[in-house]
Amino acid sequence: MKLLVCCVFVVLACQSTLADWVRQPFWYDDARRDKVAKGTVWPQPKSIQTSTQSLSLNPDSFSFTTTAKAATSDACKDVLDPALERYRALLFWIPADARVSVSGDSVVGSLRVSITGTCTKYPSLDSDESYSLEVPSSGEATLSAQTAWGALRGLETFSQLVYEVDGKHKLNVTTINDEPRFPHRGVMLDTARHFLPVPYIKQNLDAMSYNKINVFHWHIVDDQSFPFQSRTYPDLSGKGAYTQDNVYSPEDVQSVVEYARLRGIRVIPEFDSPGHMQSWGQGYPELLTSCSPTSIQQDIYHLGPANVARNSTYDFMQRLFQEIREVFADDYFHLGGDEVHFQCWMSNDEIQQFMRQQGFQNTTEGFAQLEGYYIQRLINVLEGFPTRTRGIVWQEIFDNNILSGDFTIDLDTIIHVWQWNNSNFQGPQYWDELPLVTAAGYKAILSSCWYLNFISYGRDWPDYYACDPHNFTGTAQQKQLVIGGEAPLWAEWVDATNVVARMWPRASAMAERLWSPQTLTDATAASPRMEEHRCRMVRRGIRAQPQGPSYCKYEWNLAGESNYVPTASGALGMMGYIQQLLLFCCLVLTLGFW
Amino acid sequence: MKPCLAFLVALSLQAAVAEWSYQTSWYEKARQDKVARGTVWPQPRSIDTTSVRYYLDPRSFKLEADSSSAAVSDPECKEVVDHALSRYGELLFWIPEEDRAGVDGDEILDKLVLTITRGCTRYPSLESDESYSILVNSDGATLRAQTAWGALRGLETFSQLIYGENGKHVINGTSISDSPRFPHRGIMIDTARHYLPLPFILNHLDAMAYNKMNVLHWHIVDDQAFPFQSATYPDLSGKGAYTRKHVYTPDDVSQVLEFARLRGIRVIPEFDSPGHMMSWGQGHPEILTRCYPTSFQPDIYHLGPANPARETTYTFMRKLFEEIRQLFADEYFHVGGDEVRFQCWNSNEEVHQFMVQQGFPNSTQGFADLQGYYIRRILEILHQVPETTRGIVWQEIFDNFEITGDLTGLNLDTIIHVWEWNDTRYQGEPFREEMAKVTAAGYRTILSSCYYLNYINYGRDWPQYYECDPHDFQGTEAQKQLVIGGEACLWAEWVDSTNFIPRMWPRASAVAERLWSPQDVADSEAASPRMEEQRCRMVRRGIPAQPQGPSYCEYEWNILSQLPNYRPVITSSGLRVTEGLFHIMFLNVLVLAVVKCLA
């Protein structure tokens, strides 16, 4: 008997020494201490006070509580409840067998979440995302927000405060007051140059929420393919998709929109016209302009931009847009309007006739007017919808207006500035374009300096970090009209094999630029937080690429790829516990009968 | 009668539905020029294809070894062949069961018979014969090779000849006679700047086999980390690895070697010295030179290259190399030798004294002498662990000996690895001149200068690798003969498991064709449709090779990895779950027993 007790003690003692040995720090850990800032937040909050006093979290007993409003309002609960479930899983990552008991430590037992304003079903450009977070030296931590969207941002911040020390989940006493600098913080995916399976889109939405990015601009169709499955016009994807496997069904789109909504992310669809429409012409050639051989444009299908001279074109667009508007919930709709080559229109008699009829000159100005006419009719379509709908257009539409001297485009249209001037592209610089756009009274989104499809050797995120949407000469009022930015990842060279690694953590640099105060500009100072953030993303199942020689405690693993479950990653852990409990009960029962 | 009618209606409906689902979409037509179905990458030396089609029935098709040949009678052959037949048995057919169409009534190809005409060795080597021939005609299909390694290349080719059409696996009448242009076709991976978990290395070895690459140059340690776990010197990885989980145990290494061997791939380890050794110094600072503040080298540990003045350094290296050489099977051993900065040696009194003693002048020439001395000793050690071991060194070693004007210290059986280039990014030796010099001095050489895959650019970059030829320098026929091949290098400063495979493939495939196929296969435009096919084939087989311009693959890379053919040898969570359960059970029983006893 005594021998047995003795044995148990020896085993216990050995185990703790072994555990100690495993936790011994390595030389590289020391070297990395300057490089990684544990438990720091990305993007940096507006105001944050942290003390050195650290508290522990107990994964087994930690709980979220909610105040009356957050608990009773259906609209709030609808978003908050699944979020609490997600963050419960994200808060704790140390594998159960590597955890060390926190008994005896000062412990944060719970986080109390309160929502003081009203919640909406969908996030919008006007959503309030502010929150305040208090982790006191004793007692409950509190998170307070106006809306569920603010609560989501606060939960993300809270989860990022947690760091790992010797098998424990720790966080420091902290006070945060936070809100975004810009309301429109987006990422653009292009699913036309390469089809992207839905799980990747959802994974990207997860990564976006880890970076407090709130707009998914879905460049869903283009010349190369039309993967959007329309009920009204089934031949669009039926003939214009790469294959019938490479389509997004209405259910797919709905599941993406819902997945995004629960993460406080708006999904803005782009159906680019009148250019970039080759794939539309496969099912509906009558929509497009026939280019005659005199055209300079090389086009294997001899079909060019939309046929803007026919009323049937506008009827088609009206019906299609109506369907799209019903599937996508956001009140903004990206109409595209970029890179229209006028030669095809120029070569077509029907168009020429129409232009004469409208009084447009047969000059570049005239064609610019023609495109402006087309886009304004589409905007009229949008504005005619029963639910409020407004347009976003690429900058050419605005430039055309300047060219023709005829500002036909409604003032509540957002101008998306994307051109730049360097060895890759000869266009106006964004700091020259933004003053014009905002002086004319339009709201603007900037993308010029965040084209993530362009790659080069080495550490490139500081370039994205350095670019500021307010970097132009203009009045305070003009600056106010810049509502944010977007990082586009055009997909000529990107598909499911590399999209996540190419996007992250490069898009994180833009995320901080758009969320955090303008004064935060030092990339070198941000580096240790960036390192922490990229490893955090990898740990959470996002294949974010490295930024120089380093390691993450939890490396990306091949097994992780197949184990990646977008929604319910926490369930496994819980199941494990239940399993263990059941097994234990069984054993007690069996042995009880001895 | 009525049921019969219903049956007929059902049949005709089915046909209509089937036809509908095979309807080609517009892009399919546009892609017909872009994808060359059933083509081989790298292009065989000689290939004739007829328009006669044979259909394969996945249920009954047989891959057979000719029992009267060495493929069965020679046990060394049999082991490699058996594994290969079971692998290719799966790779041959990919159309999911439910999408397959019956091949009744078509001309069937029912088997491939594999014959090995000579014998086999346990490991592939630089001298291995990889030639093979394939014949597919109405008599059946045959594959003949001299060795198991040739048989592997032939099986890969045969598997690539098959294409899918309306739910059927099809092959055309074909006659191929093939052998590689260069015997050394390698890829260098760097596991020191970032650690690569084992499954990724294995995944990569599969991809190499799909591209007929035959050398994995494993740059296993460097300044940043020492992930190789040594039994002789446990502190090397014990203190020099990123963490204790970021290591390759002897078991891991053996797994890589075996996985590679079964695919006809040699694994050449690189233990770079005397530079690039910072991580070694964590466990064994005594083997490095202490740099003094006068030194220009910014070095947080104030430790520089290996200390060439101490005999203990050489003893250390000998013991370590003995261990490595026992573990790694290949006769070649890469000893590095690149980028040694002399400032640290210059700042160290002990090294100075040693140089005086050896009669080396206190000049660049003298330090080159010193490095030459060190490398000579290292090569001597190599020749003793055992004596068949040969060295590969980076070009600086050759350049240094050239500076000293005396190449006698550099054994002629050493292979010179040319890596420098001269452009806006790097000012080094132009590689064509270097290749000419190295071969003129009688050394064999490997080219990497134009195959640095870690450098990336926007857009389609594989043509630049494709167009770089190792024979593109001024030299005699004898000199050209000394070029044994090339290696694509993917240094890992910006690469880890998150992006390693897509960055490597299919860019390395361009190098693979350059090194395997005849020199006149050099038109990247013409190669494009085959490249498209090869990249989609890799994706289909579970290699996330990145795209090369707007396109699609019939089988896209999927997050769920529902790809039938790739199974990493490492079991992931499955085993651990069972282990965990046993562990819990055991603990519970223990606790209960204690409770019981106490009661």
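Select B:Cys291 and B:Cys344 to begin: the two form a disulfide, with sulfur atoms 2.2 Å apart. A disulfide here is a pair of cysteine sulfur atoms within 2.5 Å. The torsion about the S-S bond of B:Cys291 and B:Cys344 is about -95 degrees, so the disulfide is left-handed. B:Cys291 lies in the loop between strand 11 (288–290) and strand 12 (303–306) of chain B, and B:Cys344 lies in helix 11 (residues 343–347) of chain B, so the pair ties together parts 53 residues apart in sequence. Helices (H or I, at least four residues) and strands (E, at least two) are DSSP runs, numbered from the N terminus. B:Cys291 and B:Cys344 are both buried; buried means under 20% relative accessible area, exposed over 50%, and partly exposed in between (1.4 Å probe, protein chains only).

This is a predicted model, in which local features need pLDDT of at least 70 and side-chain atom pairs count only at pLDDT 80 or more, while totals for chains, interfaces and linings use all residues. Residues are numbered from 1 along each chain as its sequence is written, chains are lettered from A and ligands numbered from 1 in the order in which they are written, and side-chain values use heavy atoms, with hydrogens and water left out.

**Other disulfides**

Next, select B:Cys536 and B:Cys553, which a disulfide joins with an S to S distance of 2.1 Å. With -80 degrees about the S-S bond, this link of B:Cys536 and B:Cys553 is left-handed. B:Cys536 sits in helix 20 (residues 524–540) of chain B and B:Cys553 in the loop between helix 20 and helix 21 (573–598) of chain B, so the pair ties together parts 17 residues apart in sequence. Both B:Cys536 and B:Cys553 are buried.

Move to chain A and select A:Cys535 and A:Cys552, joined by a disulfide (S to S 2.1 Å). The torsion about the S-S bond of A:Cys535 and A:Cys552 is about -80 degrees, so this disulfide is left-handed. A:Cys535 is in helix 20 (residues 523–539) of chain A, and A:Cys552 is in the loop between helix 20 and helix 21 (558–563) of chain A, 17 residues apart. A:Cys535 and A:Cys552 are buried.

Over all chains there are eight disulfides. With bonded cysteines counted along the chain, the disulfides of chain B follow the pattern 1-2, 3-4, 5-6, 7-8. In chain A the pairing, numbered in sequence order, is 1-2, 3-4, 5-6, 7-8.

Select B:Cys489. The closest cysteine sulfur to that of B:Cys489 is in B:Cys450, 10 Å away, which is too far for a bond. B:Cys489 is buried, with a relative accessible area of 0%.

From there, pick B:Asn454, in the loop between strand 16 (444–447) and helix 16 (462–466) of chain B. B:Asn454 has 6% relative accessibility and counts as buried. Not counting residues up to four places away in sequence, B:Asn454 touches A:Tyr457, B:Cys489, B:Leu490 and B:Trp491, where contact means heavy atoms within 4.5 Å. B:Asn454 and B:Leu490 are 36 residues apart in sequence, and their C-alpha atoms are 4.8 Å apart.

Show strand 3 (residues 111–116) and strand 5 (residues 140–145) of chain B, which run parallel and are joined by five bridges. Two strands pair if DSSP finds at least two bridges between them. In this pairing, B:Ile116 stands opposite B:Ala145 in strand 5.

Strand 4 and strand 5 of chain B form a hairpin with two residues between them.

**Two helices of chain B**

Select helix 4 (residues 75–91) and helix 5 (residues 148–161) of chain B, whose axes come within 10 Å and cross at roughly 10 degrees. Axes are lines fitted to C-alpha atoms, for helices over the stretch in contact, and angles run from 0 to 180 degrees between N-to-C directions. Helix 4 and helix 5 of chain B are therefore roughly parallel to each other; angles under 35 degrees count as roughly parallel, over 145 as roughly antiparallel, 65 to 115 as roughly perpendicular and the rest as oblique.
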